[in-house]
Structures are given as structure tokens and as C-alpha cells.
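Subject: Structure for you to look at

Hello,

Here is the structure I said I would pass on. My notes on it follow below.

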Amino acid sequence: LASRISYWRSGWRLFGDHPWMGVGLGNAGFYMPEYLDGYAWRLPEVRELVFRSGSLLNIKSLWIRILAETGIVGFAFYLAWWFMNWWTGIFMESRNDRLQATLGSMVLFSLVASLLEGFSLDTFALPYPWIPTGLLGAAFAMACKNEIKSGSTTGGEKSP
């Protein structure tokens, strides 16, 4: 746990030096050794990764990584995407169609899971946040198309 907290702290310090635009996606590992504090250098895992491994250090928190690599601007875009999916999931969950309601619930659960998991993993490569939100987008587009076809848009008027 100590090394993980050290990685989080170094990522936070990296964000503090590059708050608006970050250092670029995938670039935090290049900066991390210079942002590690003295305590981190005494940890065997950190020394092993820096001196004997061919890989870069990792922030180990999606939320701090997004801040460090994309800054406030990128973090705001990611949060906007996250909340858009959250509200779309709530909308779909309230639908009369059971499949659409189930997809809405699935997305809400997957977003909560990715929110919590973001404190210990820092990758966009895992498929389970992306597949449910992609299915939600498709279901939402189909629901909107069906509403336009049936004329149940605002006010119950038929569309031309």
C-alpha cells in the first residue's frame, strides 16, 4: 500500500505542476521518478521498478492519472462523458421497455464499479466500462428513433 500511495502522491504533484493541460496521455511515467518523494525511494518495489525494470512507473489511480496527463481540461471532458452516460442510464432505466430499462441499470452499475475501481486501476484498456456505455448509446439512439417514428415527441404531437 505504501508504494501505491507514493505513486498517487507523485501523480498529484505532477498534476500540480501541469494543472491545465497535463503532460499528455501516456506520458506520466516519464515524469514520475522526478516527482517521487524521499520515502518512496526507500520502498523496495519503487527501487525495483525504477532501476531494474524496463517499464515506466504507473500512477495506479485513474482519477489522478487523468488529472496528471490531461489536466483540468481533460478531466472535465471525462467527467462530462461520465455524467452524460449516468443521466442517459437513469433515463433508460425509467423506460417501459424492459430491455432498455435493463441496459440502463447495467450501465449505472458499471459506472459505479468503474468509479470505485478508478482508485486502484489506471487504464482505459479494460473493456467493461466501454461495452456497456456503447450498448447504452445504441439503445438510446434506437429509443429516440422509435419515439420520432411513433410521434411521441414533446407534447404528444405527431412529427411531420
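A salt bridge here is a side-chain nitrogen of Lys or Arg within 4 Å of a carboxyl oxygen of Asp or Glu. The model is predicted: local features need pLDDT of at least 70, side-chain atom pairs count only at pLDDT 80 or more, and totals for chains, interfaces and linings use all residues. Residues are numbered from 1 along each chain as its sequence is written, and side-chain values use heavy atoms, with hydrogens and water left out.

The structure holds four salt bridges. One of them joins R52 to E48, with the closest N and O atoms 3.5 Å apart. R52 is exposed, at 64% relative accessible area, and E48 is partly exposed, at 40% (buried means under 20%, exposed over 50%, partly exposed in between; 1.4 Å probe, protein chains only).

E69 and R65 form another, at 3.0 Å from N to O. Both residues lie in helix α5, four residues apart, about one turn of the helix (helices are DSSP runs of H or I, at least four residues, numbered from the N terminus). E69 is buried, with a relative accessible area of 4%.

R95 pairs with E147 in a salt bridge, the closest N and O atoms being 2.5 Å apart. R95 is in the loop between α5 and α6 and E147 is in helix α7, so the pair ties together parts 52 residues apart in sequence. R95 is partly exposed, at 22% relative accessible area, as is E147, at 24%.

Regards

Note on methods: Helices (H or I, at least four residues) and strands (E, at least two) are DSSP runs, numbered from the N terminus.
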